[in-house]
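Subject: Structure handed over, with notes

Dear colleague,

I am passing on the structure below, together with some notes on its helices, strands and loops. Please read the notes with the coordinates open beside you.

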Amino acid sequence: MNRTSSGTAMVTLPTDEQILITRELDAPKHLVYEAYTTPELVKRWWSGHRGEVTIAEIDLRVGGAWRYVMVAEGGFEVAFHGEYHEIVPNERIVMTEVYEAPETQALPEADAPLNIVSFTEVDGRTTLTLLVQTTGKELRDTIINSGMEAGMQEGMDLLEQVAVSLR
Amino acid sequence: MARAATTADAFNAVAEPRRRQILDVLAGGERPVNDMVRLLGLAQPQVSKHLRVLREVGAVDVRDVGRRRLYRLNGHALKPIHDWVSNYERFWSERFDRLDSVLEELKQKEEGDEQDE
């Protein structure tokens, strides 16, 4: 498994079609779950330092939709949406995530990556894991179409090689 | 990050699993094409075709040593991918840093609520 980390977020590659993002958080899991599923709270962290979340819609039920829109530095909008497939309060959320690429045709929903988010608590601290499961088709398309989520796994596969050859 | 949708960029060059395998082999050092044919179990025309794509984006360099052609990995051509991935990872770190402060607030609020009870 390739592994790299920056700050305390860790990105690993369990398989060619998966990305695993892991981060330990200093709070019990019901609060992490709350921060992850409450629109006003999502608005405060989801954009990182790269802009402002202008829309965070969460219909937290199986079959319900979510949609986040961020206005990035420079004024352009970045939007993602998806559908909840599984919800276990404070434990696990399974949802699709589709990047709304303005310049390209949207992916068919069936090819959308699946995000599997788990919250595991030990001694009041929570490990959040986000497993991104893609299909080969989706992967190819996003690599060609670009966007925030594109090219991720392929890039991760090559990270070590690049690091080695830049040495 | 915007990127042209052509085949002539590093991202597309590595989207093909066999080409990634070739890069894996070359990450271990310079090799003639026959080595790759043997290691990957592919026919030579296929390997040559993949090598051509990799050379077009500069991910692989070639040089002649006597009668042999040796291929090697050129990591600098893959730097856009490296940069992209680093960027993605930084983005997640930023998100989590902000999540930290949201959580800190929720914790304090909860402790406050408990004291009120």
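In this model, which is a predicted one, the axes of α2(B) and α3(B) cross at roughly 120 degrees and come within 11 Å of each other. The two helices, α2(B) and α3(B), are therefore oblique to each other, and the crossing in which α2(B) passes α3(B) is right-handed. On the side of α2(B) the contact is made by B:Arg18, B:Gln21, B:Ile22 and B:Val25, and on the side of α3(B) by B:Met36, B:Leu39 and B:Leu40.

Turning to the strands of chain B, an open sheet is formed by 3 strands in the order β1-β3-β2, with antiparallel pairing. Strands β1 (31-32) and β2 (60-65) of chain B stand at the edges, where each has a single partner strand, so one side of each is left without a neighbour in the sheet. Between β2(B) and strand β3(B), residues 68-73, which run antiparallel, there are 6 bridges, and B:Asp61 stands opposite B:Arg72 in β3(B). Helix α2(B), residues 17-27, lies across β1, β2 and β3 of chain B and runs at about 100 degrees to β3(B).

In chain A, strand β7(A), residues 92-96, pairs with strand β9(A), residues 114-122, in the antiparallel sense over 5 bridges, and A:Arg92 has A:Ser118 in β9(A) as its bridge partner. Strand β9(A) also pairs in the antiparallel sense with strand β10(A), residues 125-133, over 9 bridges, with A:Ile116 opposite A:Leu131 in β10(A). A hairpin is formed by β9(A) and β10(A), with 2 residues between them.

Two loop residues of chain A may deserve a look at their backbone angles. Most residues other than glycine have a negative phi. A:Asp123, in the loop between β9 and β10 of chain A, has a positive phi near 50 degrees although it is a residue other than glycine. Is A:Asp123 buried or exposed? With 6 other C-beta atoms within 10 Å, A:Asp123 is exposed, the cut-off for that class being 12 or fewer. A:Asn90, which lies in the loop between β6 (77-88) and β7 of chain A, likewise is not a glycine and has a positive phi, of about 70 degrees. For A:Asn90 the count of other C-beta atoms within 10 Å is 15, and this residue is partly exposed.

How values were computed. Residues numbered from 1 in each chain as written. Chains lettered and ligands numbered in written order. Predicted model: local features only at pLDDT ≥ 70, side-chain atom pairs only at ≥ 80, totals over all residues. Pairing = 2+ DSSP bridges. Helix = DSSP H or I, 4+ residues; strand = E, 2+ residues; numbered from the N terminus. Contact = placed C-beta atoms within 7 Å. Axes fitted to C-alpha atoms, helices over the stretch in contact; angles between N-to-C directions. Buried ≥ 20, exposed ≤ 12 C-beta atoms within 10 Å, placed from the backbone. Parallel < 35°, antiparallel > 145°, perpendicular 65-115°, else oblique. Left-handed = near helix turned anticlockwise from the far one by under 90°.
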